[in-house]
Amino acid sequence: MAELAELEDPKTRKVNEKHGDDHGVNLSKLRALAKRLKTQQELARRLWETDDSAARLLALLICRPKGFERDELDTMLRQARTPKVHDWLVNYVVKKNPHAEELRRAWSADPDPVVASAGWALTTERVMKKPEGLDLTALLDVVEAQMKDAPERLQWSMNECLGQIGIKHPEHRARAIDIGERLEVLKDYPTPPGCTSPFVPLWIGEMVRREDDGI
């Protein structure tokens with residue numbers, strides 16, 4: 001904790017706070033610290049218990065993803081107060097855990113939109129890498145009915161799932177683009193030059209073009 005306190009930078013904190021994160025540690029320096037510590041599951045658990053965002057991010061880098069029980073991960077997700085901690089927990093830990101599919105199902109149906117967004121993130125992972133057994137038509141039905149009015153975090157996750165269905169599954173591409181065009185979610189999202197817009201019709205078009213061009 002003392003080392004993390006030394007890494008705290010007010011300018012970094014100010015930038016992070018604009019995104020809802022409450023830490024001021026440069027992530028490259030955090031990763032260097034994690035590399036030095038290597039995997040330490042019990043230390044990771046103790047760091048998580050501090051409720052400090054920088055400590056929790058470090059915990060997620062040094063933990064053993066398969067070493068958590070299902071209920072433990074469920075509790076951790078509900079404790080993850082900030083977007084970065086939430087995202088790292090889902091992407092670096094839950095996706096590698098044997099309970100990921102069970103949690104995906106439970107979280108997707110959770111009334112808390114932030115928890116539900118984690119379920120949709122896990123669903124997107126399956127859409128991309130292991131779509132067998134998923135009902136993509138039913139997923140599109142849910143997105144069509146709920147994404148427009150969903151809270152921001154949940155809306156973003158649904159939008160990502162919609163985009164990946166269109167990118168990875170040509171048989172659903174026309175419908176995915178049509179849903180995106182009608183709902184207009186993230187249509188006006190500010191996109192820096194050289195980056196791809198998260199607006200699904202543009203995003204799908206660009207990714208398919210790159211694939212066709214062999215990029």
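In this predicted model, helix α10 passes helix α11 in a left-handed crossing. The axes of α10 (residues 136–146) and α11 (residues 152–168) are 10 Å apart and meet at an angle of about 140 degrees. Two further helix pairs, α10 with α12 and α5 with α7, pack at about 5 degrees.

**Packing around α10**

- On the α10 side, the contact with α11 is made by Leu136, Leu139, Leu140, Val142, Val143 and Gln146. Their partners in α11 are Met158, Cys161, Leu162 and Ile165.
- By class, this contact of α10 with α11 holds 9 nonpolar residues and 1 polar residue, with no charged ones.
- Helix α10 also packs with α12, at an angle of about 5 degrees and with 11 Å between the axes. The pair is therefore roughly parallel.
- Thr137, Leu140, Asp141, Val143 and Glu144 of α10 meet Arg175, Ile179, Arg182 and Leu183 of α12.
- The contact of α10 with α12 divides into 4 nonpolar, 1 polar and 4 charged residues.
- Leu140 and Val143 are listed in the contact with α11 and also in the contact with α12.

**Packing of α5 with α7**

- The axes of α5 and α7 lie 10 Å apart at an angle of about 5 degrees, and these helices are therefore roughly parallel to each other.
- From α5, the residues in this contact are Ser53, Arg56, Leu57, Leu60 and Leu61. From α7, they are Lys84, Val85, Trp88, Leu89, Tyr92 and Val93.
- The contact of α5 with α7 comprises 8 nonpolar, 1 polar and 2 charged residues.
- Serine 53, a residue of α5, is buried, with a relative accessible area of 4%.
- Leaving out residues up to four places away in sequence, serine 53 touches Asp22, His23, Arg81, Thr82 and Val85. Of these, Val85 is among the α7 residues that meet α5.

**Burial pattern of α3**

- Helix α3 (residues 27–37) has Leu30, Leu33 and Ala34 as its buried residues. Viewed down the helix axis, these fall within an arc of 100 degrees, so they line one face of α3.
- An α-helix has 3.6 residues a turn, so residues three or four places apart point the same way.
- Ser28, Lys35 and Arg36 are exposed on the other side of α3.
- The cover over the buried residues of α3 includes α1 (2–7), α5 (53–62) and α7 (83–93).

- Most residues other than glycine have a negative phi.
- Lysine 38 has a phi near 60 degrees, a positive value. This lysine sits in the loop between α3 and α4 (41–49).
- Lysine 38 is exposed, at a relative accessible area of 59%.
- Leucine 186 has a positive phi of about 65 degrees. Its place is in the loop between α12 (173–183) and α13 (200–213).
- Leucine 186 counts as buried, with 17% relative accessibility.

**Contacts between separate parts of the chain**

- Tryptophan 156 lies in α11 and is partly exposed at 35% relative accessibility.
- Not counting residues up to four places away in sequence, tryptophan 156 touches Leu186, Tyr189 and Pro198.
- Tryptophan 156 and proline 198 are 42 residues apart along the chain, and their C-alpha atoms are separated by 9.0 Å.
- Proline 113 is in helix α9 (residues 113–129) and counts as partly exposed, at 27% relative accessibility.
- With neighbours within four places in sequence left aside, proline 113 is in contact with Pro151 and Leu154.
- A C-alpha separation of 8.7 Å is found between proline 113 and glutamate 152, which are 39 residues apart along the chain.

Conventions:
Residues are numbered from 1 along each chain as its sequence is written. This is a predicted model: local features need pLDDT of at least 70, side-chain atom pairs count only at pLDDT 80 or more; totals for chains, interfaces and linings use all residues. Side-chain values use heavy atoms; hydrogens and water are left out. Axes are lines fitted to C-alpha atoms, for helices over the stretch in contact, and angles run from 0 to 180 degrees between N-to-C directions. Helices (H or I, at least four residues) and strands (E, at least two) are DSSP runs, numbered from the N terminus. A crossing is left-handed if the near helix is turned anticlockwise from the far one by less than a right angle, and right-handed if clockwise. Contact means heavy atoms within 4.5 Å. Ala, Val, Leu, Ile, Met, Phe, Trp, Tyr, Cys and Pro count as nonpolar, Asp, Glu, Lys and Arg as charged, and the others, Gly among them, as polar. Buried means under 20% relative accessible area, exposed over 50%, partly exposed in between (1.4 Å probe, protein chains only). The arc is that of the directions from the helix axis to the C-beta atoms. Angles under 35 degrees count as roughly parallel, over 145 as roughly antiparallel, 65 to 115 as roughly perpendicular and the rest as oblique.
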